[in-house]
Amino acid sequence: MIKILIFFFIITTLHASDTNLESKIFKNIIHAIVQKEHPTIYIHKKLNSLSNHPGGLNISSKCEDADLVILSTLKGLPQKCQGKLLFGSRYSHLKNSNVIGSFFWQKGRPNILFYKDRLKKNQIKLDNSFDKYIEK
Amino acid sequence: MFKSFKVGKSFIIFVFLLPFMTLISILIYNEYLNTKEKVFSIIEKHLINKKVTLIKNYSNHLNKKLGMEIQSKILNNPKVCQKYEEELTLLQGDEIKYLYLLYRDSDKKFRFLLDATANPKDKAETNQKFDTLTDIWNKAYTTQKVQITKQEELQTLWITIAYPIVVNGKVLAVLGADFTYNVYKQIVNTLSPMEEIYLYVAIFMSIMLVIAYILIYLYYISRKKSFIDPLTQIYNRQYLYEFLQTASLENYQLMMIDLDYFKSINDNYGHDIGDFVLISVVNEIKSYIRDQDLFIRFGGEEFLLLINGQKSDDACSIAERIRESIQEKTILAKSHKLSITISIGINLFPFYAKNIDEAIKIADEQLYHAKIAGRNSIAVSREKDMKQSQTSKRISDVKEAIDNNRIRCAMQPIYSAYTEEIIKYELLLRLIDNEGNIVLPDEFLPSIRHTQVYISVTQIVIDFAIEMIVKNDYAISLNLDLQDILNEDIMNIFKSKFENRKELSKHMSIEILEHEEIVNFDLIKQKLSELKELGFEIAIDDFGSGYANFRYLLHLQVDILKIDGSLIQDLDKDKYAYHIVKTIANFANDMGIKTVAEKVETIDEVNTLKELGIDYLQGYYLAKPSFDYE
């Protein structure tokens, strides 16, 4: 019984630390893109890291109110979200040219990727610290 | 805190051996952890070296096949890429989670050339950017040497190897290999069972140590309690013997202190006030003694005080101060103003006694003299009192027997020679020792004679006689030494129990036995008269032998003559014995005095005694003494 409890504790702790890290990275990216103190975001489908640790973000249930739309999938994206800034959570999301960038896990490591032309098209100027994540 | 404490073997084991073993088990556990780290390090190094060798071989293979064009051939030709990715997959093995080939572009960003990852969700595309968390990749490029790092931040990866592929002195790519965290867990799991065993042993020993110390503490507390008298909070008699195992009497003088007429306080005011008086007296005495003295409640209202000091004046002056202080003290107990006095017997040289019991006996004898002298006084032992008693049973044995209810009375019936019916029982004092053996009075009475213990024993016998009269309606015959009836305490017991209770005393005969020649016949006559006034029959025991002779009959009002057993035993063989018994019987008959023959052991003796007109018969032939009272 004690072993089961310890295992459960370790798993939840590890999971919590992963989602916590992911949430922090997301928040840095969102603040860099939106450049507001309290950006409003809309999460398409479900993204536990941000839902559980929203921090200084306003999470809206309406896409039209959002400064930025965070995607967990591209499928079923509401019509109202068209024209909004889209940011992905998988490498594959970048295949959609409306997605300005993506944050995803690959090889157990966090990866961030922006396309320069998409940023320019949306008149987004990121901080210099993001340069190494921007692809030409 | 105890003045002294005897340290046993188990105590040494608890205090020294157990902590030592606990320390050893902790050291073993610690040593195992160090060894485990070393073993872990060796396994880790072995695994890395094995993989580095494999990667090195494959690097040579790539070098040979692709050479300087490694980047362009892979980037420009998907089939080449696919072929080498398949080769890379074969190299991967179970312990490597990710195996990939990177190159550094002109912006110094790392990009994938090959990726052996099978999972399509985790597989990188060719030329996809690779975000580096550590600088091992750049180091591999600049140093052209293999770089190894442990992934502290990533939870699924353990160790990452960056192996530079050098062609013509230039690094063209870096082979990356991520060891899965599972490998680390496998090694840990392999080594853990032993660690758990050592850990459990260390924890077990630590818990045992804690329990042992708790037990020692509890033992110490309970042992301390067992040595403290709960009422007065001073040491009890058991502690005296514990104390003497580690201390010598050489530097001590011994006092026996007894509260005068304490029983009357209990009888008149109740035991609560009696207890209060005891506590008050103890506190008063404590204020006159020092830490180095030993004050013990020896039993009831009797105390023993060991004064530390070699000058004989020490004990005497302290005793006098204590006596005066108690005499002047008024004890206020529940609206009663009480005064009490104490008697003190002092043994100035307890060290000269054979043992503590002898030393106490001497002090107790002095206490007896102090009581005889009228109480509220002090008696001090002289040098002649130092001679040791030769009696086999010590005063403490008798005290212990009293406390443990081992002072008993056997009863032997006395028969009517005419009706052959039991007319009374003689009480015979016995002590049951620790082993359950019956000890006869000759073996223990001499050691307590002239002490307060003797009075206590007499009290027990009298109480038993009353119980037998009341409970079983028996007539009882009780033995007293002639000196006993001169003892005021014993006479007071008889008066307190039988005064105005002739319904009891008429069932009781007192057999007087004489150890010394009577000097003051008038005093004896007076005491015997007092006993007769209380309603007792008076018998002369062992008549016809020793001091017991016809003079009694001239001076004393005797009811019964108990003919000495030695005359009865020689009745058939010795014509002089026969004639003496015949003369006694005739004389007694003429005087109206009843006769008892004791130690009757044969039918011939019974018949002869009947012929001689003896009234009562007693002896083994008729019935042995028994503890069966019903």
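Author: Gladly! Buried residues make up 34% of the 630 residues in chain B. Please keep in mind that this is a predicted model.

Reader: How many helices and strands are there in chain B?

Author: Chain B has 20 helices and 23 strands. As for its contacts with a separation of 6 or more, 64% are between residues 24 or more positions apart.

Reader: Let us take a sheet. What is the order of the strands in the open sheet with antiparallel pairing?

Author: That sheet of chain B has 6 strands, in the order S3-S2-S1-S6-S5-S4. Its edge strands, each pairing on one side only, are S3 (129-130) and S4 (147-150) of chain B.

Reader: What about the open sheet where the pairing is mixed?

Author: This one also belongs to chain B, with 6 strands in the order S7-S9-S10-S8-S13-S14. Here S7 (235-236) and S14 (378-380) of chain B are the edge strands. S7(B) runs parallel to S9 (residues 294-299) of chain B, and 2 bridges join them. Asn236(B), for instance, has Arg297(B) in S9(B) as its bridge partner. Helix H10 (residues 356-372) of chain B packs on the sheet, and its direction makes about 140 degrees with that of S13(B).

Reader: Now for helices. How is a pair of packed helices described?

Author: By the angle between the two axes and the distance between them. In chain B, helix H13 (residues 452-472) and helix H14 (residues 488-498) pack at about 25 degrees, with axes 10 Å apart. Angles under 35 degrees count as roughly parallel, so H13(B) and H14(B) are roughly parallel to each other. The crossing of H13(B) past H14(B) is right-handed.

Reader: Which residues of H13(B) and H14(B) meet?

Author: On the H13(B) side they include Ile455(B), Ile462(B) and Ile466(B), and on the H14(B) side Ile490(B) and Ile493(B) are among them. The residues of this contact divide into 5 nonpolar, 2 polar and 2 charged.

How values were computed
Residues are numbered from 1 along each chain as its sequence is written. Chains are lettered from A and ligands numbered from 1 in the order in which they are written. This is a predicted model: local features need pLDDT of at least 70, side-chain atom pairs count only at pLDDT 80 or more; totals for chains, interfaces and linings use all residues. Two strands pair if DSSP finds at least two bridges between them. Helices (H or I, at least four residues) and strands (E, at least two) are DSSP runs, numbered from the N terminus. Axes are lines fitted to C-alpha atoms, for helices over the stretch in contact, and angles run from 0 to 180 degrees between N-to-C directions. Angles under 35 degrees count as roughly parallel, over 145 as roughly antiparallel, 65 to 115 as roughly perpendicular and the rest as oblique. A crossing is left-handed if the near helix is turned anticlockwise from the far one by less than a right angle, and right-handed if clockwise. Two residues are in contact if their C-beta atoms, placed from the backbone, lie within 7 Å. Ala, Val, Leu, Ile, Met, Phe, Trp, Tyr, Cys and Pro count as nonpolar, Asp, Glu, Lys and Arg as charged, and the others, Gly among them, as polar. A residue is buried if 20 or more other C-beta atoms lie within 10 Å of its own, exposed if 12 or fewer, and partly exposed in between; C-beta atoms are placed from the backbone.
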